[in-house]
Amino acid sequence: MVFRRVVIPALPVLTMGSSYGQDILRYRFQYYDEEDGRIEVESHYLDYKHSWGKTSASLRLAIDTLSGETPVGIHARGDDSDWIFQEIDDERRVAVATIEHEIDDYTLTFEYAHSKEDDYRSNAVTAKMSREFNQKNTTLTGGVSFAFDEVLATDFTSNFENEDKDSLDFSLGISQIVTPNTLFDFTLGYGRSKGYLSDPYRRISQFRTVVVDGPFGPIPVTDTFDFPENRPNEQHRFVAKASVRQYFEEVNGALKFSYRFFTNSDSVEGHTVELKWIQQVNDRLSVTPYLRYYQQSEADFYYPVLTDTGVDGTGLIDGSGANYSSDYRLSKMEALTYGVRVAWEPRSDLTLDLQLERYEMNGLDSQTPSSFFPTANVVSVGAQWSF
């Protein structure tokens, strides 16, 4: 069976940088490949930015194509060691339009994003305002975004009719030039999502005895039963991130360190530490190795299976009643990412870059099968032309 999924790696952040002209065109290809026949994703990104005076407009177009197999949270009947992996196939198309305008010390930004899959549709708007103080050594930025998503019903989803999912996010940040060689950033964020927050493809197994009506009266039946997951229909989340970048003139390189704290109302608490070294080899070549480590606690409604938990599956998907999910990404786990990016400017208006990355996820509990956690290699290449 082939289903459509909404699990797509997030769009990479593409930094436009300084322009030698009023227009910037950038293309990036990324290939994400999980080992052991798991998920592979091919992504194409095309960005165009045009500036005139103190105003700029940009457009991003993206296509993500996903295929492979992934655990869906259920095991074979009567055998909780035989986990079922499902073959999946999906494609997502994204368009993002951004307008930015400077007024004195203020910068105003408005963005609209639309993405569509066979089983998912999203529309989002974002507004940001930043202001420079202290002779442009301090910048304050605030933003708000609204996302209006719809989980579409298909032959393979748990929802039999289209379901809404709405999200509201706020952010407030400060960027401070501490010394000519030191930059400090700090950001706080709050978000709330409400509506259908479950994965419409994910299910959970339970071995139990139920009583059914037979021709001669009630009959007890003992078997493995599968239920669609039922997450809460509302989630609150909080995030704080601090980073510092220090430039070392004697080696013409910079060290960037960041720490991110995340928590939500599902009891998930995450910590991310990232370390980057940006080495400017010469005027045209830079090499950036990096390392990122992430660790999180499990959600309070996470169970690999419902057997012997005291929680009975109900078949509900609206968030009412007992909540449960077998999504291994909600378990207690850790992830390590490391890689290197090389950027080369063969001429002043052209930048080429290559990035190689390794991603390793591991479980930290004794219940979730280790086969659930993927290991992936990521390769991306890009080109940016200023004119």
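In this predicted model, the count of aromatic pairs comes to 8. One of them brings together Y190 and F238, whose ring centres are 5.2 Å apart and whose planes meet at 45 degrees, so the pair is classed as tilted. That label follows because planes under 30 degrees apart would count as stacked and those over 60 as edge-to-face. Y190 belongs to strand β9 and F238 to strand β12, so their contact ties together parts that are 48 residues apart in sequence. Elsewhere, ring pairs link W83, F85, Y328, F372 and F373 into a cluster.

Strands β9 and β12 meet again in the charged contacts. Here R192 forms a salt bridge with E234, and the closest N and O atoms are 3.9 Å apart. R192 lies in β9 (residues 182-195) and E234 in β12 (residues 234-248), so this pair ties together parts that are 42 residues apart in sequence. Since the cut-off for a salt bridge is 4 Å, the separation of 3.9 Å in this pair falls within it. Both partners are partly exposed, R192 at 32% relative accessibility and E234 at 29%. Salt bridges that share partners also build a network, which joins D199, R202, E229, R231, D327 and R329.

In total, the structure holds 21 salt bridges. Among them is the pair of D223 and R77, with the closest N and O atoms 2.0 Å apart. D223 sits in strand β11 (residues 217-228), while R77 sits in the loop between β3 (55-76) and β4 (79-103), so the contact ties together parts that are 146 residues apart in sequence.

Strand β13 (residues 253-264) runs antiparallel to strand β14 (residues 269-280), and 11 bridges connect the two. Within this pairing, R260 stands opposite T272 in β14. The two strands form a hairpin with 4 residues between them, and in its turn S267 has a positive phi of about 75 degrees. On from there, β14 pairs with strand β15 (residues 285-296), again in the antiparallel sense, over 9 bridges. Q279 has V287 in β15 as its bridge partner. A hairpin through 4 residues joins β14 to β15. Strand β14 therefore takes part in two antiparallel pairings, with β13 and with β15, given that two strands pair if at least two bridges are found between them.

Terms used: Residues numbered from 1 in each chain as written. Predicted model: local features only at pLDDT ≥ 70, side-chain atom pairs only at ≥ 80, totals over all residues. Heavy atoms only, no water. Salt bridge = Lys/Arg side-chain N within 4 Å of Asp/Glu carboxyl O. Buried < 20%, exposed > 50% of the residue type's maximum accessible area, 1.4 Å probe, protein only. Phe/Tyr/Trp six-rings, centres within 6.5 Å; stacked < 30°, edge-to-face > 60°.
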